[in-house]
Amino acid sequence: MCVAPKFKSNDNKIRTAIGRMFLRAIARQSNGITAMVGQRNLCSQTSPRRLQGKVAVVTASTDGIGYAIAERLGQEGAKVVISSRKEQNVAKAVDKLTQSGLDVVGVKCHVADASDRKALFEKAVEKYGGIDILVSNAAVNPEVGGVLDASEAAWDKIFDVNVKCSFLLAKEVLPYIRQKKNGSIIFVSSIAGFQPFALLGAYSVSKTALFGLTKAASQDLAAEGIRVNCIAPGIVRTKFAAALHESETARETALAQIPMGRFAQPPEIAGVCAFLASDDASYITGETIVASGGMPSRL
């Protein structure tokens, strides 16, 4: 904060000249802040050493929020294992991240396939010697509509991937995290878990279930120094959420629910994840961090 200097001189001309210089300095400072806000220089301040020596596994991480999380964790010093259902997507993402100077390896993994999950964790141990952080980000939504309009097949698939696989990933990574001590498990849920989206009924319920999984697992693991937390993003500009922001009607409807008046960008969610994975959040467990631009977030 700038403070105007005081003078003993009674020379009004000097006072006036200095006063003008002071106001110009304030204006330049204010303009600089305005320019930064206008550009939305999102989450650009990374700490290269905050996650130094850590190994992170991130599922569904070749695009959107998952990719942004993998990138941010790598920028903060972690070695990162990324994954996706399609081999070509994995190869493309690994190439892009490694060209940025990050230490990344990729594995094709469908989280509903037990052998793929096993291979994912084994690759992390083989390449980097262990696992400190799991980010469970994979999710599906095969149908749109109200919760009681969902078909049984869609309901089963949504809960199989979004809930059961999150549980299994956490369960199966646990022996590796226990070896490293002080690990972190992070589930990516959604604001829809608090305030269900009309077109994503079953999906919304599955995301509510992750809040319960976070609470229960955190209680079990707290004494071991292993933290379990959750992120509830609002509406983020990704391919996955395209139905909520692509058409003008959908966009206007969605924006009307967001006090900040804009959609989130993936790096904004990645910043929250990096915080939860780091020692800056060493006394936080069992919590769901909401990043929704002010959307209601209470059950």
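**Exercises on pockets, a helix and an aromatic pair**

Helix 2, strand 2 (79–84), helix 3 (87–99), helix 5 and helix 6 (201–221) each contribute at least two residues to the lining of the largest pocket. The model is predicted.

**Exercise 1.** Determine the volume of the largest pocket and the classes of residue in its lining.

*Solution.* The volume is about 1200 Å³. Of the 45 lining residues, the closest to the pocket centre are Ala60, Asp63, Asn137, Ala139 and Phe240. By class, the lining comprises 22 nonpolar, 15 polar and eight charged residues.

**Exercise 2.** State which element gives the most to the lining of the second largest pocket.

*Solution.* This pocket holds about 210 Å³ of space. Helix 5, strand 5 and helix 6 each supply at least two of its lining residues. Helix 6 gives the most, with five residues. The lining divides into 10 nonpolar, no polar and two charged residues.

**Exercise 3.** Classify the ring pair of Phe121 and Tyr176.

*Solution.* The count of aromatic pairs is three. For Phe121 and Tyr176, the ring centres are 6.2 Å apart and the planes lie at 50°, so the pair is tilted. The pair links helix 4 (residues 114–128) and helix 5 (residues 152–180), its members being 55 residues apart. Phe121 is buried at 2% relative accessible area, whereas Tyr176, at 24%, is partly exposed.

Note on methods
Residues numbered from 1 in each chain as written. Predicted model: local features only at pLDDT ≥ 70, side-chain atom pairs only at ≥ 80, totals over all residues. Heavy atoms only, no water. Phe/Tyr/Trp six-rings, centres within 6.5 Å; stacked < 30°, edge-to-face > 60°. Helix = DSSP H or I, 4+ residues; strand = E, 2+ residues; numbered from the N terminus. Buried < 20%, exposed > 50% of the residue type's maximum accessible area, 1.4 Å probe, protein only. 1 Å grid on protein atoms, 1.4 Å probe; cavity = no way out; pocket = protein on both sides within 12 Å on 5 of 7 lines; lining within 4 Å. Points joined across faces, edges and corners; volume = space filled by probe spheres on them. Nonpolar A, V, L, I, M, F, W, Y, C, P; charged D, E, K, R; others polar.
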